[in-house]
Structure formats: C-alpha cells, structure tokens
Amino acid sequence: MKISARHIFMAAALACALAAPLAFARAEVSPEQAQTASPRPPGRVESFTPPAPDRAVPTSRGELMNSFAPVVKKAQPAVVNVFASRVERMPANPLFDDPIFRRFFGEGGGMPGRNMAQSLGSGVIVDQSGLVVTNNHVIEGMTDVKVALADKREFAAKILLRDPRTDLAVLKLVDGANFPTMELGDSDALEVGDLTLAIGNPFGVGQTVTQGIISALSRTHVGISDYGFFIQTDAAINPGNSGGPLVDMNGRVVGINSAIFSKSGGSVGIGFAIPVNMVKSVIAAAKGGGKQVRRAWMGATLQTLSQEIADGLGLDRPTGALLADVDPKGPSAEAGLKRGDVIISVDGQTADDPEAVGYRLATKPIGGQATLGVLRGGKKIVAQIRLAPAPETPPRDAIRIKGASPFAGATVMNISPAVIEEMSVQGTANGVVVSEVDDGSYAQQLNLQRGDIILAVNDQKIGTTRDLESVTAGRAYYWKITLARGGQVFTTVIGG
C-alpha cells in the first residue's frame, strides 16, 4: 500500500479529552534533612523544599527505567515549531457585475479578496547559526515562515533549500546566534527494538514528547518521497509532528518524523521517519550554498525482483535490484555492469530492492566510489561504481510559454539525465517536461501538471523547448496534444 504524506497528515479534531484524577502526595522530609533544617519559632509554619538532584543522560538500561526526563532536557531546547503562510488572491464574484445585485449588496463585494493559507509543523535546529531542518511539505508553496523556539522566542526564517525528492527542507533563522542544537546520530546503527522519542507540536497544542520503539528499519514502498527508505516507529506521531526529530536515548537526532499510517488522521502506532543519514546530505548541500541536492547517478534503470524473475535467474529468493536497462555512457556501464545483473549490496550493506540501492547511493558524497555486490549468472562479483552527478545534456533551456495556446503559463524544460533524476520523469526521454504551471493560466485550465511530458502538438513531434514555443506561437482551430504522465501516454483534442 502506498501512503501519501499529503493525505495522511490531515487535520483531525480531538474526539475527546481524557480526564485523569489528580493524585496528591505529602512532601516528606528525611531525618537527615530534618537535622539540617533551622528551628522554627512557636506558632510559625515554614515549608522546606529539598534541592532537586542533578540528573544526567542515562548510561545503562537500568537507569532508563527511572525516567526519560534527562534525554528530553538535552533534546527539547533544539526542537522548534514552524509556522508557514502565504496570501492567496481570491477572484471577484461575477455576480457583482450586475448593477441590481450591487444595489442590494454594496460595491465592496466585487473586489478581489484575499485568503491566508497556513501550515503548521515542527523542526529541529542542527547548527548554532540557526539552521533548521523540517519537512518540505510543511512549507510547500508557502512564502512566509516563522519559527518558535521552546523558550518562547520567535524568529523569521528564510528558506535555504527545498528537496521535494526526500520531503526535506532547510531553513535559516534570520536573527540571532548560538542557538541550542541537537547532535546528529547514525541511523545505520539503529536496531529494531531500540527506544526512541518523538518531539513536536501535534495539532498545535504545544511541544509534546511521545515514546516508543523502532518497529522496523528500511521500510520501502511507502510512497512518501522518491527515496522510499524509512524508519518505522510506534511513538505517537500526529498532524503537526511533521519535521520534528526522532530522538535516540543519547539525545541525538536519528530521523525526521514525516508521515503516519492512519484511517482517522490520528496516530495508530505506525509512524515513519526519514533516516538522519539522508538528512545529513541535505544539510551539507544547504551549508554549501546549493539550491538543490546533487546525488550520485547510476545511469541504469532498476527493477524490483518478483519470485518468477528470481526463479528464472536461479536465485533462492527475490531480494536485490535487477538492472533492467543500462545507459552505455553512464557510471554503471563504466563499472562493467550489464542488463540482468542483480545488485544485492552497497558498500557491504544489504540492498533488498531498488529503493534501498537508491537510498544507499544518495547518502554517498559526490566524487568518490561505492562498492556494489552483484549477482551475475548465479555467481557473486564486485563492481566499483563512480559517484558522479547526472549530466545536464542537453541543457534544460527553460522557457515559459506565452500567447493564447493551451500551454500558456507553463514553464517547460528539455529532458536530460539530470532533469530525469530531479523530477522523477518516467517512461520516456523524448519531448519536453513541464516544470511549473502558473495559477489561473490556460495551462492550469488544461490541467497540465508538473512532470507532464509533452510529446507532440498537432502531430508535430516536440524535441526541444524551442519546438514547443514555435508550434504554439500562433492560433489554431484545434489543438491535438500528446503527452505522457506517470508512464502512460494520452492524446486529446481541444478547440482553439
């Protein structure tokens, strides 16, 4: 089952409030404290409150049985609330063009209105300069972002980097310095059963801590982002927790909470977090001043192994990633990989499916090499693959289409390996891809979407953005459009 983060994180009203009876206890003084207390004069009552003992991060399993408070105290100051918003212009009501209607309802209603779209989430400070990591879907489409710290201070934030492929974003607090931070852990060191805490702002009620365990690792086919490789936890995660940290018992970030599986909108004990080792690559890109994250390109198409394919290849079980196609000029071909090879590990770490291979390579820095464990003809071989970014050939040459054609208001780009990686283009390398659609444009009315590939217009093949610009420059009695979406090809005809 594929789970959409946008549909999973929906606002849900709290159905009920659990009322718990208040428990009262008398403050008692030990004999030692009683001896050190000053004598009380007759007829006067004084209270004596012993000083609270210092508490440290637990160093043994036995100490954990007492309380998680030391871990929370260490981690909580770096957890923030993220408030994002944008102003939307609402179209004027056409009824106000009627003078009789205006006579009864006034003149002001015909003016375009404004609506404030808002989003609420969580985040974590990862650098003393004020770098904050959150989910991309928390700030998606938003223009104004504010961040509230645990100590009630509020700061405006600018968006340094959006990475829709991983559903991560990096913010920078505009003012201030020496912010509290949380140390980044190692998600590859986690084991099923490890204790974790989820900290965030569920339903906007305020900073909340929930506790659970690691339920599973390397969850794939979740459908939250392009890199489907997640930590599963049963720590309660609810709407508003998005972007908050998953914390280990050393007070370190091991994941960014991103989604839940739920039929009601509330937590049912199945939550998913992006591993922190993926987060590190996004932080590094933001610190380097990049506007996008450059990741290693294999130059190959990977396919999930079914039991039938595994049987045909003589494999005991359907684990690994099958090379369905290899670009003759890509790093896979340079490494000697061939169609029909099965990748079973990356740098010694098991890879059970294409998502695992993609995740492992995406966390590696550009410029180095990775060692792939490969099955070929029933034998295990080792291949060294170069970690290089996808080439941008041909150049993307982005153009915003103008005029009165159905494509007016759409921005299109030439398709290259880099664009295919960046936009997850499926099915074809021909045509041009839609990268952006303006609100209220003809293209939006046609329902063009980001990622659509325009293959032909009026039976003329579209090879470059200049081809589409030329074909749509004039008027036509009709528009015959052939495009690809999600790997399927559609043809439609609309009036000119």
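Visitor: What are the ground rules?
Guide: The model is predicted, so local features need pLDDT of at least 70, side-chain atom pairs count only at pLDDT 80 or more, and totals for chains, interfaces and linings use all residues. Residues are numbered from 1 along each chain as its sequence is written, and side-chain values use heavy atoms, with hydrogens and water left out.

Visitor: Why is asparagine 277 called buried?
Guide: Its relative accessible area is 12%. Buried means under 20%, exposed over 50%, and partly exposed in between, with a 1.4 Å probe and protein chains only. Therefore asparagine 277 counts as buried.

Visitor: And why is glutamine 76 called partly exposed?
Guide: Its value is 25%. Glutamine 76 sits in the loop between α4 (69-75) and β1 (79-90).

Visitor: What makes α7 a helix, and where is asparagine 277 in relation to it?
Guide: Helices are DSSP runs of H or I with at least four residues; strands are runs of E with at least two; both are numbered from the N terminus. Helix α7 covers residues 276-287, and asparagine 277 lies in it.

Visitor: What makes the link between asparagine 277 and aspartate 186 a polar contact?
Guide: Their side chains are joined at 3.0 Å. A polar contact is a pair of N or O atoms within 3.5 Å; within protein, one must be able to donate a hydrogen and the other to accept it, and residues adjacent in sequence count only if both atoms are side-chain atoms. Lysine 280 also makes a side-chain polar contact with asparagine 277, at 3.5 Å.

Visitor: Which residues does asparagine 277 contact beyond its sequence neighbours?
Guide: Contact means heavy atoms within 4.5 Å. Leaving aside neighbours within four places, the list is Gly185, Asp186, Ser187, Asp188, Tyr359 and Thr363. Tyr359 is one of the buried residues of α10.

Visitor: How do you know that α10 is mostly covered?
Guide: Helix α10 spans residues 354-362, and seven of its nine residues are buried.

Visitor: What makes phenylalanine 155 and phenylalanine 179 an edge-to-face pair?
Guide: The structure holds one aromatic pair. Its centres are 5.1 Å apart, with 85 degrees between the planes. Rings of Phe, Tyr and Trp (its six-membered ring) pair if their centres lie within 6.5 Å; planes under 30 degrees apart count as stacked, over 60 as edge-to-face and the rest as tilted. So phenylalanine 155 and phenylalanine 179 are edge-to-face. Both are buried.

Visitor: How do you know that β17 and β18 pair?
Guide: Eight bridges join them, running antiparallel. Two strands pair if DSSP finds at least two bridges between them. In β18, alanine 383 stands opposite leucine 372. Their hairpin has two residues between the strands, and glycine 377 takes a positive phi near 60 degrees.

Visitor: What else pairs with β17?
Guide: Strand β15 (residues 342-346) does, in the antiparallel sense, over four bridges. Valine 346 stands opposite leucine 372.

Visitor: Which strands form the closed barrel?
Guide: Six strands, in the order β7-β8-β9-β12-β11-β10, with antiparallel pairing. Neighbouring strands are turned by 45 degrees against each other on average, direction ignored. Helix α7 packs on this sheet, touching β11 and β12, and its direction makes about 50 degrees with that of β12. Axes are lines fitted to C-alpha atoms, for helices over the stretch in contact, and angles run from 0 to 180 degrees between N-to-C directions.
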